Amino acid sequence: MTTPEKHTIKPAPDEKVVPLMVYLPGKFLWGEVVVKEAIRVSTWLRTNVAPEVLTLFNAKMLFPAGGTKPKPISHTQLSIFANQIIAYHLIPPHQESPDFDPTEPNRIMEPVTLWVDTFRFDGHLRLSALSSVSKYLDVTREAFTSLYDVEISNPLLPDLGILKVPYLIVRQNMALYGKKPG
């Protein structure tokens, strides 16, 4: 099998190319998306301009499985229905400014571990100082939850190491939320 040639992306003057990693049930992908310059990609799926189909260019896909050394499958273009996306984030070093005011009073960064398919996301939820993770999950009705200062690992693929990202969003009802003892 031959590797597809890399697709040369030529964005319009009002567009930009952003590297993105996407987590789906049983697989994860990475590549580049083309969006309007004004779009904040890190929160894109939380907005009313979210696409129904997200197109990744120069995409690579892995199927995590224990005991194997998976090889990425390459596509010059791959279309993903947004309702399949469990989580996504910008690929470092690409990043956007925080989506909150760090000086806002009565807010805390609550440490949590989220399990998404075979991936472990150790990060922080931004909550009211009077709230808790369980209260937050009980009352919020957003499809996606923000997670900050995240370390991503996969126990089935320890060779992937730990990826650190400042921000990701996760489909709230597709993750398990854990709190470390202590």
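1. Let me start with the lining of the largest pocket, which by class has five nonpolar, four polar and six charged residues. Here Ala, Val, Leu, Ile, Met, Phe, Trp, Tyr, Cys and Pro count as nonpolar, Asp, Glu, Lys and Arg as charged, and the others, Gly among them, as polar. The model is a predicted one, in which local features need pLDDT of at least 70 and side-chain atom pairs count only at pLDDT 80 or more, while totals for chains, interfaces and linings use all residues. Residues are numbered from 1 along each chain as its sequence is written, and side-chain values use heavy atoms, with hydrogens and water left out.

2. Staying with this pocket, 15 residues line it, and R107, R126, L127, Y136 and Y148 lie nearest its centre. A pocket is an open set of points on a 1 Å grid over the protein atoms alone, where a 1.4 Å probe fits, with protein on both sides within 12 Å along at least five of seven lines; lining residues have an atom within 4 Å of a point. The space in the largest pocket comes to about 260 Å³, a volume being the space filled by probe spheres set on the grid points, which are joined across faces, edges and corners. At least two lining residues come from each of β7 (119–128) and β8 (144–153), and β7 gives the largest share, four residues. Strands are DSSP runs (E, at least two residues), numbered from the N terminus.

3. The second largest pocket holds about 200 Å³ of space. Its lining also has 15 residues, with E96, P98, Y148, P166 and Y167 nearest the centre. Two or more of these lining residues come from each of β8 and β9 (163–171). By class, the lining of the second largest pocket has seven nonpolar, four polar and four charged residues.

4. The largest nonpolar core has 25 residues, and L20, V22, V33, V41 and L56 have the most contacts inside it. Such a core is a set of buried Ala, Val, Leu, Ile, Met, Phe, Trp, Tyr and Cys residues joined through side-chain atoms within 4.5 Å. Two or more of the core residues come from each of β1 (15–24), β2 (27–36), β3 (53–62), β4 (73–81), β5 (87–90), β8 and β9. Leaving aside residues up to four places away in sequence, L20 touches L29, W30, G31, V33, V41, L54, L56, Y88, H89, L90 and I91; contact means heavy atoms within 4.5 Å. There is also a second, separate core of 23 residues, which includes L62, L114, F119 and L125.

5. For the strand pairing, β1 and β2 run antiparallel over 10 bridges; two strands pair if DSSP finds at least two bridges between them. V22 has L29 in β2 as its bridge partner. In the hairpin of β1 and β2, two residues lie between the strands, and G26 takes a positive phi near 80°. β2 also pairs with β3 in the antiparallel sense, over four bridges, with E32 opposite F57 in β3.

6. Further along, β6 (residues 107–116) and β7 are antiparallel and joined by 10 bridges. E110 has L125 in β7 as its bridge partner. These strands form a hairpin with two residues between them, and D117 in the turn has a positive phi of about 55°. β6 pairs as well with β10 (residues 176–178), antiparallel over three bridges, and W115 stands opposite L176 in β10.

7. A few backbone details deserve a check. The peptide bond from P92 to P93 is cis, with omega near 10°, and P93 sits in the loop between β5 and β6. N106 belongs to that loop between β5 and β6 too, and its phi is positive, near 60°. N58, in strand β3, has a positive phi near 50°.

8. Are N58 and N106 buried or exposed? N58 counts as buried because its relative accessibility is 15%, whereas N106 counts as exposed because its value is 60%. The cut-offs are under 20% relative accessible area for buried and over 50% for exposed, with partly exposed in between (1.4 Å probe, protein chains only).
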